[in-house]
Number of protein chains: 2
Amino acid sequence: MSPVPAPARDSASDSAVPAFDRLEMVLKALASERRLMILDWLKDPAVNFPPQEHGDPIEHGACNLFIVEKLGVSQPAGSRHLKILVDAGLVIPTRRKGWTYYRRNEEFLSELAAQIASL
Amino acid sequence: MSPVPAPARDSASDSAVPAFDRLEMVLKALASERRLMILDWLKDPAVNFPPQEHGDPIEHGACNLFIVEKLGVSQPAGSRHLKILVDAGLVIPTRRKGWTYYRRNEEFLSELAAQIASL
DNA sequence: TAGTTAGTTAACATTCTTGCTATGTCACCG
DNA sequence: CGGTGACATAGCAAGAATGTTAACTAACTA
């Protein structure tokens, strides 16, 4: 699967414009210093966050609470940043024992990088 | 030169957070369907725009007027999109004979792609 | 089952983005 | 040197993004 659909054309029009709306959505998700920091922290959850009792930092990523606290914003604000990243496909959530863990979607990220390289 | 400065650290703090604010600014410039279309059109100005009397489409790029018209927005709105792209470093303006031409900053774009690949 | 805790949703304020129209400014040209 | 055309700036309105606090939901725990 491609991170962003191929430049499909609207068959109802003869427009030669690629479908950039999905890419725009992903780029908007990425275009935030706070969310870029989250992605950076998630490169190494075990180093960037306190030890977790449940949920392996490597396998499942970091706990919502830790990320929100490190961001330094309120809990709803932090959760919304995470949701934006999840909705864009950049990170993957895992619910476990009442907590939610987040890890990077490395496959998506590398395909996105390739797509941007072809811009 | 790098499209976005290296992850320099603030010597006044022991923060391990890379400087993402510049990258955020570039990504915001990119995170617009209209501006993505402009970048796409500028891949081949001779094909995507009418012939120009002055200013070689290959060397200098496409004329402001043509881009604005193709965008389908008002002249100030179109000019602002171009300015955002220029300010981010994504396109290069050339003033000539009273017109302004724009071309892609391919060097910047490829370095940006590399930087995103390392996210 | 009752309480605590994680996380979402609601409601709202503030700021940023993007569009418009109207007006300036500056360079070319006749 | 005066007019015209290209582009920028000013000012405004609408919608999106981001932050807050308060209230709700759901799940673990004792």
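Predicted model: local features only at pLDDT ≥ 70, side-chain atom pairs only at ≥ 80, totals over all residues.

Colleague: Start with DNA strand C. Which residues come nearest to DNA strand C?

Modeller: There are 20 residues around DNA strand C. The nearest are Gln75(A), Thr100(A), Arg34(B), Arg80(B) and His81(B). Sugar and phosphate make up 62% of the DNA strand C atoms that come within 4 Å of the protein.

Colleague: And what does the side chain of Arg80(B) reach on DNA strand C?

Modeller: A base nitrogen. An N or O atom in the Arg80(B) side chain is 2.3 Å from a base nitrogen of DNA strand C. Arg35(B) goes to the phosphate: a side-chain N or O atom there is 3.2 Å from a phosphate oxygen of DNA strand C.

Colleague: What about the backbone of Gly98(A)?

Modeller: A backbone N or O atom of Gly98(A) lies 3.2 Å from a sugar or linking oxygen of DNA strand C. As for elements, those giving two or more residues to the surface near DNA strand C are α4 (64-71), α5 (75-88) and β3 of chain A, plus α2 (33-41) and α5 (75-88) of chain B.

Colleague: Which element gives the largest share of the surface near DNA strand C?

Modeller: That is α5(B), with five residues. By class, the surface near DNA strand C has seven nonpolar, seven polar and six charged residues.

Colleague: What does His81(A) touch on DNA strand D?

Modeller: A phosphate oxygen of DNA strand D, which lies 2.3 Å from a polar side-chain atom of His81(A).

Colleague: And Gln75(B), what is its side chain close to on DNA strand D?

Modeller: A base nitrogen. That nitrogen of DNA strand D is 3.2 Å from an N or O atom in the Gln75(B) side chain. Gly98(B) uses a polar backbone atom, 3.2 Å from a sugar or linking oxygen of DNA strand D.

Colleague: Which elements supply the surface near DNA strand D?

Modeller: At least two residues each come from α2 (33-41) and α5 of chain A, and from α4 (64-71), α5 and β3 (99-104) of chain B. The most come from α5(A), with five residues. The classes near DNA strand D are eight nonpolar, seven polar and five charged.

Colleague: Switching to the sheets. What is the strand order in chain A?

Modeller: β1-β3-β2, an open sheet of three strands with antiparallel pairing. β1 (62-63) and β2 of chain A are the edge strands, each pairing on one side only.

Colleague: How many bridges are there between β2 and β3 of chain A?

Modeller: Six. They link β2 (residues 91-96) and β3 (residues 99-104) of chain A in the antiparallel sense. Ile92(A), for instance, has Arg103(A) in β3(A) as its bridge partner.

Colleague: What sits between β2(A) and β3(A)?

Modeller: Two residues, in a hairpin. Lys97(A) in that turn has a positive phi of about 60 degrees.

Colleague: And the sheet in chain B, what order is that?

Modeller: β1-β3-β2, again an open antiparallel sheet of three strands. β1 (62-63) and β2 (91-96) of chain B stand at the edges with a single partner strand each, so one side of each has no neighbour in the sheet.

Colleague: How many bridges join β1(B) to β3(B)?

Modeller: Two, and these strands run antiparallel. Ala62(B) stands opposite Tyr102(B) in β3(B).

Colleague: Last topic, helices. At what angle do α1 and α6 of chain A pack?

Modeller: About 115 degrees, with the axes of α1 (residues 21-30) and α6 (residues 106-117) 12 Å apart. α1(A) and α6(A) are therefore roughly perpendicular. Their crossing is left-handed.

Colleague: How far apart are the axes of α1 and α6 in chain B?

Modeller: 12 Å, at an angle of about 115 degrees. So α1(B) and α6(B) are roughly perpendicular to each other. The crossing of α1(B) and α6(B) is left-handed.

Technical notes:
Residues numbered from 1 in each chain as written. Chains lettered and ligands numbered in written order. Heavy atoms only, no water. Pairing = 2+ DSSP bridges. Helix = DSSP H or I, 4+ residues; strand = E, 2+ residues; numbered from the N terminus. Near = heavy atom within 4 Å. Polar contact = N/O pair within 3.5 Å; in protein donor to acceptor, adjacent residues only side chain to side chain. Nonpolar A, V, L, I, M, F, W, Y, C, P; charged D, E, K, R; others polar. Axes fitted to C-alpha atoms, helices over the stretch in contact; angles between N-to-C directions. Parallel < 35°, antiparallel > 145°, perpendicular 65-115°, else oblique. Left-handed = near helix turned anticlockwise from the far one by under 90°.
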